[in-house]
Amino acid sequence: MTATASVSRSTRRHLGWAAAATVASGVLIHFGLGFEPVAVLAWLVPLPVFLLAPRTSAWVASVAAFLAYLGGSAGSWHYFLNSQTVPVPAALAILLGSPVLFAATVALFRRLVRVGRPVLATAAAPAVWTAVLYGVSVASPFGVMGTFTTSQGDQPDVLRLASVLGGWGVEYLVLLVPAALAAVLAPGVRASARVGIIVVTAGAVGGALAFGATSASAAVGQVRVATVARSVPAWAADPDTPAGQQVLQSYVDALTALPADVRVAVLPEAAFGTDRARLAGVTGPLAAVARAKNLQVVTGAIVTDAGHEADNTALDVPPAGPTVEYRKWRNGFSPLASGHDLAHLAEQPIGLEVCMDVNVPSPTRDYARAGTGLVLIPASDEDVDGWQHSRTALLRGVEHGVSVAWSAARGTSLLSDPRGHILAQARTGAAPMAVAVADVPLGTGDTLYSRFGDWFAWLCCLVAAAGLAFTRGRTARP
């Protein structure tokens with residue numbers, strides 16, 4: 001009877017610690033990986049369940065991790081299930097797949113610690129997460145955002161590591177720290193292994209942060225840029241209608257009011273909608289402002305060709321000369337009929353993209369390899385995801401050594417330099433027009449990541465495979 005009571009008390013205590021770890025990691029996920037995350041909390045997200053894992057069964061550790069991520073991401077359920085760009089099946093895959101991957105990461109960490117491989121556990125757990133996420137980014141038409149990397153969007157000294165390793169290096173580093181701490185504190189780990197984990201992790205983190213603090217990205221001049229976005233959203237406003245004419249006039253007035261030294265202005269995605277025969281109804285008034293102010297005006301527009309699907313485009317309306325047109329590469333789950341072409345402002349190392357193009361490395365990588373120093377990106381978000389998406393654009397700029405001008409309807413517009421510093425930003429809703437103005441340096445587009453691509457992600461695949469291999473055929477310690 002006494003033994004039974006003792007076992008019962010031990011089980012209750014055991015489950016109590018599991019519940020506490022689940023809640024703690026869930027809270028950290030909510031605040032550390034949310035739509036406007038607290039960057040420092042992201043480094044602690046998996047720590048409670050990592051600490052729990054070697055001290056409990058595989059099932060308890062995995063369920064705790066799954067429930068922590070599922071509950072911590074509850075704030076995004078409504079967004080994904082009602083998104084205008086993500087279909088419900090894909091939303092469910094994201095909402096359930098992320099907790100499953102988190103549980104698998106924790107389970108691998110537990111297993112490697114229990115079979116006496118704490119150093120490999122420290123390296124392989126973040127590698128599995130990063131490798132799978134990389135595979136998802138390649139296979140998914142939406143790319144990825146809202147990850148550990150995105151949470152560091154306002155930390156340029158951390159994010160700058162992406163210029164060598166890509167965002168995957170940042171993803172790995174943020175997970176490496178809690179994995180190392182949990183491995184050092186795990187029961188049964190030898191003193192020599194603890195010292196090795198501390199030395200290697202401290203060297204990796206210290207080296208990464210030192211690189212971020214001291215690295216310099218060359219600039220080849222600068223240009224004064226403005227982003228201009230209406231706070232009242234208007235998707236594909238037709239200038240031949242009274243409502244569309246009002247939208248067009250509001251942008252003309254806002255452009256006219258810009259400081260005289262602004263040379264480039266960027267409007268949001270699909271600010272206007274028309275067919276090619278009536279395109280002059282949009283470009284004509286914008287060209288008049290461009291000539292009067294010696295200003296390059298870039299706007300998003302939905303342009304319909306007879307007998308073809310509508311093209312989601314970015315139009316550059318210069319002070320003189322023909323309009324330059326860029327067709328969006330990525331449009332969520334809808335395939336694009338247009339070709340994958342780049343478009344530059346005339347005789348300038350400045351390129352055009354549109355919104356979801358930034359969810360994956362190209363076309364920014366293609367621009368960087370062509371010597372582009374600044375990308376102008378009309379965008380349209382869904383309010384709640386505006387911060388995340390703007391930081392995804394900023395990440396692409398850091399990875400490839402280019403500055404970014406992101407002009408978002410229903411979101412956050414920003415201007416950033418190649419090192420990840422935010423030069424100016426504005427959020428729609430605070431004023432009739434959200435306007436951000438800054439002198440933006442032109443980067444060189446020359447980074448190790450833009451040259452060699454996702455080599456670190458492939459290295460994570462190898463480390464993850466090694467971790468999985470060492471879990472087989474070994475007996476866990478009691």
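How many Å should the 15 residues of helix 16 (residues 386-400) span, and how far apart are its end C-alpha atoms?

## Basis of the model

The model is predicted, so local features need pLDDT of at least 70 and side-chain atom pairs pLDDT 80 or more, whereas totals for chains, interfaces and linings use all residues. Residues are numbered from 1 along each chain as its sequence is written, and side-chain values use heavy atoms, with hydrogens and water left out.

## Helix 16

At 1.5 Å a residue, helix 16 should span 21 Å, and its end C-alpha atoms lie 22 Å apart, which agrees; the expected span is 1.5 Å times one less than the number of residues. Helices are DSSP runs (H or I, at least four residues), numbered from the N terminus.

Because 15 of its 15 residues are buried, helix 16 is largely enclosed by the rest of the structure, where buried means under 20% relative accessible area with a 1.4 Å probe, protein chains only. Just after helix 16, Gly401 takes a positive phi of about 70°.

## Helix 7 and helix 11

The axes of helix 7 (residues 118-139) and helix 11 (residues 167-185) come within 8 Å and cross at roughly 150°, which makes helix 7 roughly antiparallel to helix 11 (an angle over 145 degrees). Axes are lines fitted to C-alpha atoms over the stretch in contact, and angles run from 0 to 180 degrees between N-to-C directions.

The contact (heavy atoms within 4.5 Å) includes Trp129 and Tyr134 of helix 7 and Trp168 and Glu171 of helix 11.

Key:
Helices (H or I, at least four residues) and strands (E, at least two) are DSSP runs, numbered from the N terminus. Angles under 35 degrees count as roughly parallel, over 145 as roughly antiparallel, 65 to 115 as roughly perpendicular and the rest as oblique. Buried means under 20% relative accessible area, exposed over 50%, partly exposed in between (1.4 Å probe, protein chains only).
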